[in-house]
Amino acid sequence: MSYFRIAFQTMKDYWKMSIILTLIFMGIVAMYSVVYPAFKDNLQDMASTLGMKFSFIRGLEYMTTYPGFLNMELYQIFWILILGMLIGFLASSLLSKEIEGKTIDLLMSNPVSRKQIILEKYLGLIPFIVVINMITLFTVYGVTVVIGEKINLGYLIMTHAVSVPYFLAIAAVGLLISVIIDEKIKAGIITIAIIIGMYIFESISLLIPDYKFMGYVSLTHFYNPADILISGIVDIYGVVVLIIFIIVCLIISMMYFDHRDIAVS
Amino acid sequence: MITQTVTCPSCKTRITVQGNPGERIYITCPQCFIKGTFIFPEEKLITKTTVNAIETQNLTKFYGKNKGIENLTFSVKKGEIFGFLGPNGSGKTTTIRTLLGLLKPTSGEAYIFGRSIRDDIVEIKKNIGYIPGDLNLYGHLTGKQFLDYFISLRDTNATLLDELLHVFEIPSDRTIKEYSKGMKQKLGIIQAFMNDPEIVIMDEPTSGLDPLLQQSFYEFLKKEKTKGRTIFFSSHVLSEIDKICDRVAIIRDGSLVALEDIETLKRKSGKIIKAKIKENSETFPGPEDMKIKDNWIQFVVSDNIDQWIKKLAKFTILDLEISEFNLEDIFIHYYEE
C-alpha cells in the first residue's frame, strides 16, 4: 500500500486553479493597497457618515488608519468571505467530482481504504491554502512598502498564520458536504450557502447585541483579522475551536463515507 | 471471532476463550487462579488449492426496499473463466459492485481468495483487477499519467504493462478526454491487468470494442487463463460467454437461475427438433411444450431422441432439422418461465 499518492494527485489536479486564484488575489490586494493614498483623506468623512456604532464589520472603527483600511476592504470581505467561499467550493468537489464522474469506481478498485481516500483528498487541498496565504502576505507587505505606508509585519504574519486553521475549517465543511452530496454543483452551492449563512449570522450578532449568541455558529467568529492586524490580539481559544471543528468534520466525513454505498446512478 | 480451548499450564484445566485473530487476552485460570496471556493465532494461511477465487453465501443487497440481488450463492474456481450472464437490470452490476466493496451487502457473505469482503476489502483489492461496466477515466490526465498514478497507488512494478501496451495500443501521450470509446476501453483493460492480479472482474468489458478488437480480447483472455489467472466476466451477450467461458451463472431478477458448465448446460438442454410434415401439424402427438409455427413443428428433446424420431417416421416428412441447443435457447428457456 502506498500513501500520499492521492493527496499528491489532488494537489496536481487543483494546481492550475490554485495559480489562477492566487494571481487574482494578488491583483485584488495590489489594487486596494495602491488606492489607499488617494482614499486616505476621504476616509474620515466616510467614517462619520457610516455610523460606526451599528457596524457589522469588525474593526470598522479603525478604517481611517492603513491597517484598519486593509482590514475593512481586504480581510473582512475578500479574505474571510470571498476566499472562504472559493476554498469551500473547491473542497466541496473533492469527492463529489469523483462520485458524479464515476471515476471513484476505479479509484476504489485500488488497495486503499475509504478513510485514506478522504484524508488524502483533504491533505491535497492544504498546499493551496498555504500558498495563497503566503503569496498574499508577501504582496500586501510589498505593496505597503512601495506606497510608503506602515504596517506591523508581525501582526500581518499572525493574521495570515491564524487564517490557515480558519480556511482548513471551511475546507472541512466543503469536504463533509462533498462526501454526502453526489452532484458537484449541488455540493458547491450548499457549501457556499453555508459559508454565506455563517457570515450573515455573524453580522447579525454584531449588529444587534441581543443576538450576540448567533455569532457562535459562524466559523468567522473564531477568526478575527481585525483584532490581529490592528492590535495584534490573537484569539487562542478561537484557534482551538477551529482545530477541534476540523477534526470533528474529518471524523464525520470518514465515518459517513465508510458506510455509504457507491451506487450507479 | 474464533473460539479456542486453552490448557492451564499448571493445573491442566481446559478454558474456552473467544477473540479475534491476533488479539491478545488475559486469562485467569478458574481452578488455580494463575494469570497468563493468550494470543489468538493470525488468520490461517489458506492453501491456494483449496480456496475458491470467489465464494458467495446468500449474498443479498437491497437498495432501501428495492431488490438488487437476493440470496446469491455461487463460487468461482481458481483459474477459470466464469461467465455471469443476465440481461440489463438483472443484478450483474450490483453483484460485482458488492464484491468490490463499492456497495455494502445487506446480508450474506462473500469471500475472495478466502478473505471476507466485509473485513478485508483493502487486502483483497491487492489481488483484483477491475473493469467497470460504465468505465469513466480521468479525462484531464494523459493515458500515461493515469497509468502512472494507478501504478503508484498499488506500489507495484506493473510487470505486464509493456506487454499490454503492445497488445492494446493506445495514444498514451494524449489526454484521455480525446480518446474514443474503444481507446478508453483498452486503457481500462490495461489498468486491470497490468499489476498481474490473481483475478480480474469485468462488467461487460467488450461493450465499447469493435468486432476485431473483441476478437483479440477473447484471444487475450484465453491466454491469460492458461497463465492461471481467474476471470469473472459479466455479459448480456450470449455468444461471447459461449465462446470463452468455462462455466456460466445465469442471473434473473437478482437471483441465480442456473450455474453450470457450459457444455453440461447445453447437453442437458438437449436438441431442438424442427419438422415439416405433409399431414396436419396439429395431429402430431408431440410433447406438451411443442410449438407450431408456419406449419413447422418444433420441440426440444433431451435424452429420448429415438422415440421422437420413430413417432415422426409415421408421418410424411417434408423437411427436418435437428440442431444443437445453443446458449441463446437456454437463456430464453430460463427467461420464459
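**Exposure, strands and contacts**

Modeller: B:Asn71 counts as partly exposed, because it has 14 C-beta neighbours inside 10 Å. Please keep in mind throughout that this is a predicted model.

Colleague: Where is B:Asn71 placed?

Modeller: B:Asn71 sits in strand S6 of chain B. Its phi is positive, near 50°, and the residue is not a glycine.

Colleague: How many bridges join S5 to S8 of chain B?

Modeller: Five bridges join strand S5 (residues 54-63) of chain B to strand S8 (residues 107-112) of chain B, and the two run antiparallel. B:Gln57 has B:Glu109 in S8(B) as its bridge partner.

Colleague: Now S4 of chain B. How many of its five residues are buried?

Modeller: The number buried is zero among the five residues of strand S4 (residues 35-39) of chain B, so the strand lies largely in the open. Strand S3 (residues 24-28) of chain B is joined to S4(B) by five bridges in an antiparallel arrangement. One of the pairings sets B:Ile25 against its bridge partner B:Phe38 in S4(B).

Colleague: How many residues lie between the strands of that hairpin?

Modeller: The hairpin of S3(B) and S4(B) has six residues between the strands, and B:Phe33 takes a positive phi near 60° there.

Colleague: And S10 of chain B: are the faces covered or open?

Modeller: Both faces of S10(B) are covered. B:Ile128 and B:Tyr130 are buried on one side, and B:Gly129 and B:Ile131 are buried on the other.

Colleague: In what sense do S10 and S11 of chain B pair?

Modeller: S10(B) pairs with strand S11 (residues 199-203) of chain B in the parallel sense, over four bridges. The bridge partner of B:Tyr130 in S11(B) is B:Ile201.

Colleague: Let us turn to the two chains. How many residues are in contact?

Modeller: Chain B has 22 residues in contact with 20 residues of chain A. On the side of chain B that touches chain A, helix H2 (121-125), strand S10 (128-131) and helix H3 (143-154) of chain B each supply at least two residues. The largest share, five residues, comes from H3(B). By class, that side of chain B has 13 nonpolar, three polar and six charged residues.

Colleague: Which domains is chain B divided into?

Modeller: Chain B is divided into domain 1 (2-39), domain 2 (54-265) and domain 3 (270-336). The centres of domain 1 and domain 2 of chain B, taken over C-alpha atoms, are separated by 45 Å.

Colleague: What sheet includes S16 of chain B?

Modeller: S16 belongs to an open sheet of four strands, ordered S16-S17-S15-S18 (chain B), with antiparallel pairing. Its edge strands are strand S16 (291-293) and strand S18 (317-324) of chain B. Neighbouring strands of this sheet are turned by 20° against each other on average, direction ignored. S16(B) and strand S17 (residues 296-301) of chain B pair over three bridges, and B:Lys291 stands opposite B:Gln298 in S17(B).

Colleague: Which helix lies across S15, S17 and S18 of chain B?

Modeller: Helix H9 (residues 305-313) of chain B does, running at about 5° to S15(B).

Colleague: Finally, chain A. At what angle do H3 and H7 of chain A pack?

Modeller: Helix H3 (residues 66-91) of chain A and helix H7 (residues 153-180) of chain A pack at about 35°, with their axes 8 Å apart. The crossing is right-handed. Among the residues that meet are A:Tyr75 and A:Trp79 in H3(A), and A:Tyr166 and A:Phe167 in H7(A). By class, this contact has 13 nonpolar, six polar and no charged residues.

Conventions. Residues are numbered from 1 along each chain as its sequence is written. Chains are lettered from A and ligands numbered from 1 in the order in which they are written. This is a predicted model: local features need pLDDT of at least 70, side-chain atom pairs count only at pLDDT 80 or more; totals for chains, interfaces and linings use all residues. Two residues are in contact if their C-beta atoms, placed from the backbone, lie within 7 Å. Ala, Val, Leu, Ile, Met, Phe, Trp, Tyr, Cys and Pro count as nonpolar, Asp, Glu, Lys and Arg as charged, and the others, Gly among them, as polar. Domain bounds come from an automatic or database domain assignment. Axes are lines fitted to C-alpha atoms, for helices over the stretch in contact, and angles run from 0 to 180 degrees between N-to-C directions. A crossing is left-handed if the near helix is turned anticlockwise from the far one by less than a right angle, and right-handed if clockwise. A residue is buried if 20 or more other C-beta atoms lie within 10 Å of its own, exposed if 12 or fewer, and partly exposed in between; C-beta atoms are placed from the backbone. Two strands pair if DSSP finds at least two bridges between them.
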